[in-house]
Structure formats: structure tokens, C-alpha cells
Amino acid sequence: MKHLLAIALCLLLGACAARPPLPAQLPVLQLPQQLHVEREQAGQRQDWLLVIQGEHGHLRWSLLDLLGIPQARQLLDGQQWQADGLLPPNPAARELFAAVLFALTPPEQLSQLYPQARQQNERRWLGERWQVSYRAADAFDLDLGQGLRYVIDPLPRENTP
């Protein structure tokens, strides 16, 4: 019985350690945002649409393929992610969402919300986990290690009179 309890405890601690870092509180972002996400790994590419919306103090994240089919949906309530809808859990998408949130955090809020983050010129990083290189104020590349890279670009906003 002791061995079973020890294994369960190790699994629980491993699951906690695998959670992507979150800010101390949600940053102030200009919402809604629609981003083109290009995933590159091992010579293969995938394109997605990422929509971020504010809703009652939460952030709703929706990842869609180019046909509009949902790939992942999550709701961030500040300190934890929650499934949004009937899609199965997608840890890779959750890691992407957390890294994009880190990249979108305004520079003046970075040290308060991510005390362990570093920023220099057009780059910022969170230890070895995430590296962000900005091509423009709202266009950036994410390096998540192990050859996984995302190229993020904003989609043009519709002009409404």
C-alpha cells in the first residue's frame, strides 16, 4: 500500500510540474485578438487561428484549424485553466496559450506578473522554457524548446464605422 501511495504522489507532483507557468494575475490586454499561428517542428508546418476573448474577468482561448474546426478551447480564470466545451484536454495547446499570454504581456507589466522573466531589446525569455523574439510590436516567434517553434502574427482587424 505504501508503494502505491508513493507512486500516486509522484504522479501528482509530476502533473503539477508539467503545468505551464501563469502570471501572478491576468495582464491588461487589448481584446479580442485574432492571431495566425504557424507551428513548425521537425520540418512540418501547421497553421491555426487563435482567438483570445475577455469574458467576465476570464480569458477565453479558442484554437481553430483553417476550416474553422475547433482544436482546443480553454478558459483561464487567472490561476488555472478550465476546459471550455466538450473538446478533450490538449496539454500542447495549453502550453501554447500560456506562452502566447507571456509574449503578449505588456513590457511595463512583465516584471510584476512574471518575476522570473527576463527581457532585453526585442527578446524576452522565461528560463529555458520559453523564448520570444519580436519582429514587430504584435508579431513574434516563440521557441518552446525541443525544436518546437511558433510564428505568431495578428490578423487584420475589420474596420467598423
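Reader: How many aromatic pairs does the structure hold?

Author: The structure holds six aromatic pairs. Rings of Phe, Tyr and Trp (its six-membered ring) pair if their centres lie within 6.5 Å; planes under 30 degrees apart are stacked, over 60 edge-to-face, and the rest tilted. This is a predicted model, in which local features need pLDDT of at least 70 and side-chain atom pairs count only at pLDDT 80 or more, while totals for chains, interfaces and linings use all residues. Residues are numbered from 1 along each chain as its sequence is written, and side-chain values use heavy atoms, with hydrogens and water left out.

Reader: What makes Trp61 and Phe97 a stacked pair?

Author: Their centres are 5.3 Å apart, with 20° between the planes. The limits are within 6.5 Å and under 30 degrees, so the pair counts as stacked.

Reader: Which parts of the chain does the pair of Trp61 and Phe97 link?

Author: Trp61 is in strand β3 (residues 58-65) and Phe97 in helix α2 (residues 91-104), 36 residues apart. Helices (H or I, at least four residues) and strands (E, at least two) are DSSP runs, numbered from the N terminus.

Reader: Why is Trp61 called buried?

Author: Trp61 has a relative accessible area of 0%. Buried means under 20%, exposed over 50%, and partly exposed in between (1.4 Å probe, protein chains only). Therefore Trp61 is buried. Phe97 is buried as well, with a relative accessible area of 0%.

Reader: Why is the pair of Trp81 and Phe97 called tilted?

Author: The ring centres are 6.0 Å apart and the planes stand at 45°, so the pair is tilted. Trp81 lies in strand β5 (residues 81-83) and Phe97 in helix α2, so this pair ties together parts 16 residues apart in sequence. Trp81 is buried too. Ring pairs link Trp61, Trp81 and Phe97 into a cluster.

Reader: How do you know that the charged end of Arg124 sits over the ring of Phe102?

Author: The charged end of Arg124 is 5.7 Å from the centre of the Phe102 ring. A charge sits over a ring if NZ of Lys or CZ of Arg is within 6 Å of the ring centre and within 35 degrees of the ring normal. Arg124 is counted as sitting over Phe102.

Reader: How do you know that strands β1 and β10 pair?

Author: Two strands pair if DSSP finds at least two bridges between them. Strand β1 (residues 33-41) and strand β10 (residues 149-154) have six bridges, in the antiparallel sense.

Reader: What makes β5 and β6 edge strands?

Author: The open sheet has 10 strands in the order β5-β4-β3-β2-β1-β10-β9-β8-β7-β6, with antiparallel pairing. β5 and β6 (118-120) each pair on one side only.

Reader: Where is the cis peptide bond?

Author: A cis peptide bond joins Leu31 and Pro32, with omega about -5°. Pro32 is in the loop between α1 (2-17) and β1. Most residues other than glycine have a negative phi, and most peptide bonds are trans.

Reader: Is His56 buried or exposed?

Author: The relative accessible area of His56 is 77%, so His56 is exposed. Asn121 also has phi near 55°. Asn121 is exposed, with a relative accessible area of 68%.
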